[in-house]
Amino acid sequence: MIKAEWFYWLVGAVFLAMAAQMLVDRTNPKRLGSAAFWGLLGGCFFYSSWVVEKKAPAEPLGVAVLAMVCLGGFPLTGRGVPRTTTPEQRVASAARLGSRLFVPALTIPLVAVVCASAVKHWHIGGEPVLEAGSETILGLGFGAIVGLLVAMVVVRERRPAVPLHAGRSLLESMGWALLLPQLLAVLGSIFQEAGVGTQVGKITEQVLPEGQKYVAVAVYCVGMALFTVIMGNAFAAFPVMTAAIGWPVLIQQMNGDAPVVLAVGMLAGFCGTLVTPMAANFNLVPAALLELKDQYGPIKAQIPTAGALLVCNIAIISLFAF
């Protein structure tokens, strides 16, 4: 059986390999801090397996996280000069390849869907090929590997070190912002454990008109978007707003269809992701990578789309959840 844990080990190994590259890159004035930050992250992917199996204490993981906070916050990480092609060469290559550049990116979701829908039913010797319950994450991992191979074929690159160097350059460009989704998702869990969702629910029940399900739907969707704007991630807002309105009001009191309410509610949160600088890895980092004159350009361009999608999400829940 192929386990999801193996995929996490592969991710950790990639981080460790890139950390080794950073360590010997003398063009990076902060190479030691960069190597330490990403090396600690890569090591955590391996060490956490022992923690889950109760073979090692969890405290070193906490120490590693605090060390990474210090390295990224002071800041002690930097960026080197990547070994890559010139801008002129990249423009010429893009013109030559055209739409074929999208093939590797489209390969990833295609492989993920095949694994989650078809390969999950495959068995060898009575055992499933993919670990039960982890078919989607394994499909994403296989999709990334296949997508990389397809990309190397498309661009006619035979040296495996080239994508590793390119990935390391992107990693250094994004910096600690790459970890924001995970950190903010954890923040949402902390808020939920602290009872924030319950308190928001009590306030909402006092304000909402009784029996007005469409008003409740609008409050839930708009609340998801607003909390996402504040927290920077829909995964962080989801447990709070779902515990406050989604589950107790829309599902339990008004008998709403849970899959529709919760799935579309998450989409409403993504509308907030489009318009907040707190989602730096989505909105600010791309502007920096593309060297845009206005760092808030992506947010300004996405506001109309976010507003239209939010209205559509409210309509979808109202029409199909009851």
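**Note on the salt bridges**

1. D25, R168 and E172 are linked in a network of salt bridges. The model is predicted. The structure holds five salt bridges; three of these pairs are taken up below, R168 with D25, R168 with E172 and K55 with E53.

2. Start with R168 and D25. Their closest N and O atoms are 2.8 Å apart. R168 sits in helix α7, residues 161-174, while D25 belongs to the loop between α1 (4-23) and α2 (31-52), so this pair ties together parts that are 143 residues apart in sequence. Both partners, R168 and D25, are buried.

3. R168 also pairs with E172. Here the N to O distance is 3.5 Å. R168 and E172 are four residues apart in helix α7, so about one helical turn separates them. E172 is buried, as is R168. R168 thus has a salt bridge to D25 in the loop and another to E172 within α7.

4. Now K55 and E53. They form a salt bridge, with the closest N and O atoms 3.4 Å apart. Is K55 buried or exposed? K55 has 64% relative accessibility, so it counts as exposed; the cut-off for that class is over 50%. E53 has 39% relative accessibility and therefore counts as partly exposed.

5. K55, by contrast, is exposed, and E53 is partly exposed. As background, side chains of opposite charge can pair when their charged atoms come close.

Terms used:
Residues numbered from 1 in each chain as written. Predicted model: local features only at pLDDT ≥ 70, side-chain atom pairs only at ≥ 80, totals over all residues. Heavy atoms only, no water. Salt bridge = Lys/Arg side-chain N within 4 Å of Asp/Glu carboxyl O. Helix = DSSP H or I, 4+ residues; strand = E, 2+ residues; numbered from the N terminus. Buried < 20%, exposed > 50% of the residue type's maximum accessible area, 1.4 Å probe, protein only.
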